[in-house]
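Here's a quick briefing to read with the model open beside you. Take a look at the chain below before going on.

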Amino acid sequence: VPALPHPRWQKIFKSRLVGLAVAYGNTVFVVLIVILVLLLFGDAGEGGGGGGQGLWGPADPSSRSLLRRLVTLISQQAVLGASSEAFRKQAEGASQAARRYMEDNDALRKVPRPAGGAAG
């Protein structure tokens, strides 16, 4: 798109917001597809005789509550997956910081001390 220069587009696509949209967008898309498939199969089981509730859900309460429970479980799984990913990234950042501190500490230990230091 010629409206914005190339470096600006790179900044936009490398931003955190776009990264979050990509990470969560895939999960949301899969959850929505699963919900639509479940609703479609629920409607197909009605036989299309006009006695059912229509395209938006099964007619009997037991299969409706089962469908609701499945949708709830799928959405909870998506939330848990996203939070575990966030915890994993946080742990990786903490490991990298600890590794850098240990390397800095080792480097400081290797620095020679002056010979005229105070001895107790």
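Helices (H or I, at least four residues) and strands (E, at least two) are DSSP runs, numbered from the N terminus. Ala 82, for one, lies in helix 3. Keep in mind that this is a predicted model, where local features need pLDDT of at least 70, side-chain atom pairs count only at pLDDT 80 or more, and totals for chains, interfaces and linings use all residues. Residues are numbered from 1 along each chain as its sequence is written, and side-chain values use heavy atoms, with hydrogens and water left out.

**Overall layout**

- The chain has three helices and zero strands, so reading from the N terminus you get the order α-α-α.
- Out of 120 residues in the chain, 7% are buried (buried means under 20% relative accessible area, exposed means over 50%, and partly exposed is in between, using a 1.4 Å probe and protein chains only).

- Is Ala 82 buried or exposed? Ala 82 counts as buried because its relative accessible area is 17%.
- Ala 82 and Ala 23 are 59 residues apart along the chain, yet their C-alpha atoms are separated by 8.3 Å.

**A nonpolar patch on the surface**

- Phe 29, Val 30, Ile 33, Val 34, Leu 36, Val 37 and Phe 41 form a nonpolar surface patch, and together they have about 640 Å² of accessible area.
- Patches are made of residues with over 30% relative accessible area and no salt bridge, with like charges joined within 9 Å and nonpolar side chains (Val, Leu, Ile, Met, Phe, Trp, Tyr) within 5 Å.
- The accessible areas come from the Shrake-Rupley method with a 1.4 Å probe, and for residues only the protein chains shown count as cover.
- Val 34, one of the patch residues, is found in helix 2 (residues 16-44) and counts as partly exposed because its relative accessibility is 30%.

**The largest pocket**

- The largest pocket has a volume of about 390 Å³ (a volume is the space filled by probe spheres set on grid points, which are joined across faces, edges and corners).
- On a 1 Å grid over the protein atoms alone, a cavity is a set of points where a 1.4 Å probe fits but cannot get out, while a pocket is an open set with protein on both sides within 12 Å along at least five of seven lines; lining residues have an atom within 4 Å of a point.
- The lining has 14 residues, and those nearest the pocket's centre are Leu 20, Ala 23, Tyr 24, Glu 85 and Lys 89.
- Helix 2 and helix 3 each supply at least two lining residues, with helix 3 giving the most, seven.

**Salt bridges**

- The structure holds two salt bridges (a side-chain nitrogen of Lys or Arg within 4 Å of a carboxyl oxygen of Asp or Glu).
- Arg 88 pairs with Glu 85, with the closest N and O atoms 2.5 Å apart; these two are three residues apart in helix 3, so about one helical turn separates them.
- Arg 88 also meets Glu 92 in a salt bridge (2.4 Å, N to O).
- Glu 85, Arg 88 and Glu 92 are therefore linked in a network of salt bridges.
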